[in-house]
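Thanks for coming. I will talk through one structure, starting with its pocket and then moving to its core.

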Amino acid sequence: AVVSTQSTGRTPSSYLDFELQAGATMTQPVCDGWTTFLYTLDGEVTSGGQVIPAHHTVVFEQSGDAVTFTNNGPAISRLVLISGKPIGEPVVQHGPFVMNTEREIEQTIEDYRQHKNGFENAKNWQSDIGQKFLRGTLWK
């Protein structure tokens, strides 16, 4: 089973959700020059001779027009394959925060500490969906 979503927002991207039966191999075309990564949700797969266990990510080279992966395990494996056209912006990462500049990282950390900018579990922030979940009315 494959679920596919393509976005043409700020930059073209692709999100594919795969379920692979035991022993199945899949070759998925990807756009040459795009950043592509695979994340395993359940089971394990191999790609390029590398075993990728559940809850692990592999980032592929940007050259090439296809990615091949195999489920060598005894049960169904589930993975997502996500790719997008690089936007050519600088990337600065600190802990869970990813921005374009050191100054933006500093501001984001300050916002987090001050409970600003919609961070979950921030002081006085409540999620409508979370409240419905706690009341048991989310699926009603």
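A word on terms before the pocket: lining residues are those with an atom within 4 Å of a pocket point, and strands are DSSP runs of at least two residues, numbered from the N terminus. What you are looking at is a predicted model.

So, the largest pocket. The space in this pocket comes to about 170 Å³. Its lining consists of T11, S13, T35, F37, I82, S83, G84, K85, P86 and I87. Two elements, β4 and β9, each give two or more residues to that lining. Which of the elements has the largest share? That is β9, with three residues. Sorted by class, the lining has five polar residues, four nonpolar and one charged.

Now T36, which sits in strand β4, residues 35-42. T36 counts as buried because its relative accessible area is 2%, and the cut-off for buried is under 20%. Beyond its neighbours within four places in sequence, T36 is in contact with V30, V58, V59, F60, V67, L81, I82 and S83.

As background, nonpolar side chains in soluble globular proteins tend to be buried together. Here the largest nonpolar core has 13 residues, and L38, F69, L79 and L81 touch the most other members. The elements giving two or more residues to this core are β2, β8 and β9. The top contributor is β2, with three residues.

Last, F69. Setting aside residues up to four places away in sequence, F69 touches F18, L20, A24, T25, M26, Q28, L38, T46, S47, L79 and L81.

Technical notes: Residues numbered from 1 in each chain as written. Predicted model: local features only at pLDDT ≥ 70, side-chain atom pairs only at ≥ 80, totals over all residues. Heavy atoms only, no water. Helix = DSSP H or I, 4+ residues; strand = E, 2+ residues; numbered from the N terminus. Buried < 20%, exposed > 50% of the residue type's maximum accessible area, 1.4 Å probe, protein only. Contact = heavy atoms within 4.5 Å. 1 Å grid on protein atoms, 1.4 Å probe; cavity = no way out; pocket = protein on both sides within 12 Å on 5 of 7 lines; lining within 4 Å. Points joined across faces, edges and corners; volume = space filled by probe spheres on them. Nonpolar A, V, L, I, M, F, W, Y, C, P; charged D, E, K, R; others polar. Core = buried A, V, L, I, M, F, W, Y, C linked by side-chain atoms within 4.5 Å.
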